[in-house]
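Biologist: Please put the model on the screen. I will ask about it piece by piece.

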Amino acid sequence: MLDSGFIRDNVEVVRAGLRSRGLDPDRTLEEIATLETARRRMIPEVEALKRQQNTSGDEVARAKRLGQNTTEVQEANRARAQQIKQLSIQLDSIKHQLQQALLGLPNLPHRSVPVGKSADENVEVRRHGQPRSFDFDPKAHWDLGPELGIIDFERGVKLAGARFTVLSGAGARLSRALINFMLDLHTKEHGYREVEPPFLVNSASLVGTGQLPKFEHDLFKIAGDWDLYLVPTAEVPLTNLHRDEILDARDLPIRYTAYTPCFRSEAGSYGQDVRGLIRQHQFDKVELVKLSTPERSYDELESLTLNAEEVLRRLELPYRTMVLCTGDLGPSMAKTYDIEVWLPSQKTYREISSCSSAEAFQARRANIKFRTAGAAKPEFVHTLNGSGLAVGRTLIAILENYQEKDGSVKIPVALRPYMDGKEAIAPVR
RNA sequence: GGAGAGAUGGCCGAGUGGUCGAUGGCGGUGGUCUUGAAAACCACUGAACCUGUAAGGGUUCCGGGGGUUCGAAUCCCUCUCUCUCCGCCA
């Protein structure tokens, strides 16, 4: 959420920022300006009446103590109470409309973000590792997995439906190994605190991080009389840990990591990545979240991105890091780096992590502030998050990049301690 | 699922219709004292919004919403949450 005062004072900056996302914000901005003006006109009106009412009430109390007649004042107050109530209802309605309009606006891109219309205009910032050259045709994971007997697509469909999958044997073990490997790296070497949050969250949490009110169709909602949704990412519970709190500047930056399953309805993605594990309704992810002061937040974004990349470096998987252009940036985010891992079967780099700063956009929605000793007022924190990494896609990358001509898959050295020293997964006969 | 109790400032805890934003304690910050520290003493110690360059001024907030009243932390209704006991359960 953008600050209405900031919008008022910087309409052109806001307009330009929203346009760079490919939006036409004129009508919304006009609506916001109208509501904001009305709000600021009405508040002093109502407050003046309340003040009269307070003074008058004190007079009644004083007069009653002296045993005087107060009927007239009381009559006047009764009328004024009615007036106050009516105006307050109007004012509340204006505030509500303003809030809804503000919640619907996306974040402004950071000035360092390249301007562009679509993912085609994202810019590569670095690349690591060489895609391996195969002396045979590398298979896709949707062939390798079943041949190894570790991914079962059919039974996933039987149990739940399309875009659900069963991992078993070495597949399930590899997934768990990856989760542990990632959590160990981030907690022991990168300074994150491990958290196990609820996998269901309420709507206030989802408003806080920006999934609601606009993107309800991407979520799985619990049926019945519950205000609960399956988490689409651990970003939601981790960022909301400090919702409605004022933190001490000395405790910042706060770094959290969590493993959670993630649930997404993937509405509107029909026909995309229908084969394999790339796009599922349920997938595992180790998430990184930071709360930072505004001054440090872009340094923190750089280090968070490197923390995520480190997973791929240790696993010796080739990747590249892209900075998303304005047109491809998620609504809540001011700047995003996507990390893309090489997939031999597709002969291309595919997204495996997304590391972003929301600046104060989420903090304003979730009301997360910090106080600096001696400062007059608390300030909003900056929130950052990134996948560190998406487990399913990492598993795919290992299968495809580490496959051998005989159909077996080697296990990356860094992962072997988590696999009882096992060096390879062999195909079933 | 059944029965009961409760929700007040960072924390504990008073307050049952009229200067109550709210007594007191703890914690925190600053100061006095001390070579330093502790103790003791003194002062300060919430947030949001409106107005103002600022200093300042004003309004609101005692879990949320609604009601009664000239006036509500205090009375009524409702919702949410927490706790205790019973039942069930990993």
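Biologist: Is Ala204 buried, partly exposed or exposed?

Modeller: This is a predicted model, in which local features need pLDDT of at least 70, side-chain atom pairs count only at pLDDT 80 or more, and totals for chains, interfaces and linings use all residues. Residue numbers run from 1 along each chain as written, chains are lettered from A and ligands numbered from 1 in the order written, and side-chain values use heavy atoms, without hydrogens or water. Buried means under 20% relative accessible area, exposed over 50%, and partly exposed in between (1.4 Å probe, protein chains only). Ala204 has a relative accessibility of 35%, so the class is partly exposed.

Biologist: Which element holds Ala204, and which residues is Ala204 in contact with, leaving aside neighbours within four places in sequence?

Modeller: Helices (H or I, at least four residues) and strands (E, at least two) are DSSP runs numbered from the N terminus, and Ala204 lies in helix H8. Contact means heavy atoms within 4.5 Å. With neighbours within four places set aside, the contacts of Ala204 are Asn240 and Arg243.

Biologist: How far apart in space are Ala204 and Ala366?

Modeller: In sequence, 162 residues separate Ala204 and Ala366. From C-alpha to C-alpha, the separation in space is 8.1 Å.

Biologist: What share of the contacts in chain A between residues at least 6 apart joins residues at least 24 apart?

Modeller: Chain A has 429 residues, of which 50% count as buried. It is built with 12 helices and 17 strands. Among contacts between residues at least 6 apart in sequence, the share joining residues at least 24 apart is 73%.

Biologist: What span does helix H4 reach, and what is expected?

Modeller: H4 runs over residues 71–104, which is 34 residues. The expected span is 1.5 Å times one less than the number of residues. From first C-alpha to last, H4 reaches 50 Å, close to the expected 50 Å.

Biologist: Which helices do the buried residues of H4 pack against?

Modeller: The buried residues of H4 include Asn77, Arg80, Ile84 and Leu87. Leu91, Ile94 and Leu98 are also among them. They pack against helices H1 (4–9), H3 (26–65), H8 (203–209) and H11 (361–366).

Biologist: Is His242 buried or exposed, and which side chain joins that of His242 in a polar contact?

Modeller: His242 is in the loop between helix H9 (235–240) and strand S7. Its relative accessible area is 12%, so His242 is buried. A polar contact is a pair of N or O atoms within 3.5 Å; within protein, one must be able to donate a hydrogen and the other to accept it, and residues adjacent in sequence count only if both atoms are side-chain atoms. At 2.8 Å, the partner side chain of His242 is Glu245.

Biologist: What is the polar contact partner of the Arg250 side chain?

Modeller: Arg250 is in the loop between strands S7 (245–248) and S8 (254–263). With 74% relative accessibility, Arg250 is exposed. Its side chain makes a 2.8 Å polar contact with the side chain of Asp248.

Biologist: Where are the cis peptide bonds at Pro213 and Pro253, and what are their omega values?

Modeller: Most peptide bonds are trans. Pro213 is in the loop between H8 and strand S6 (229–230), and Pro253 is in the loop between S7 and S8. For Leu212 to Pro213 omega is near 5°, and for Leu252 to Pro253 omega is near -5°.

Biologist: What phi values do Glu266 and Asn367 have?

Modeller: Most residues other than glycine have a negative phi. Glu266, in the loop between S8 and strand S9 (282–292), is buried at 15% relative accessible area. Asn367, in the loop between H11 and strand S13 (368–371), is partly exposed at 30%. Phi is positive in both cases: near 55° for Glu266 and about 55° for Asn367.
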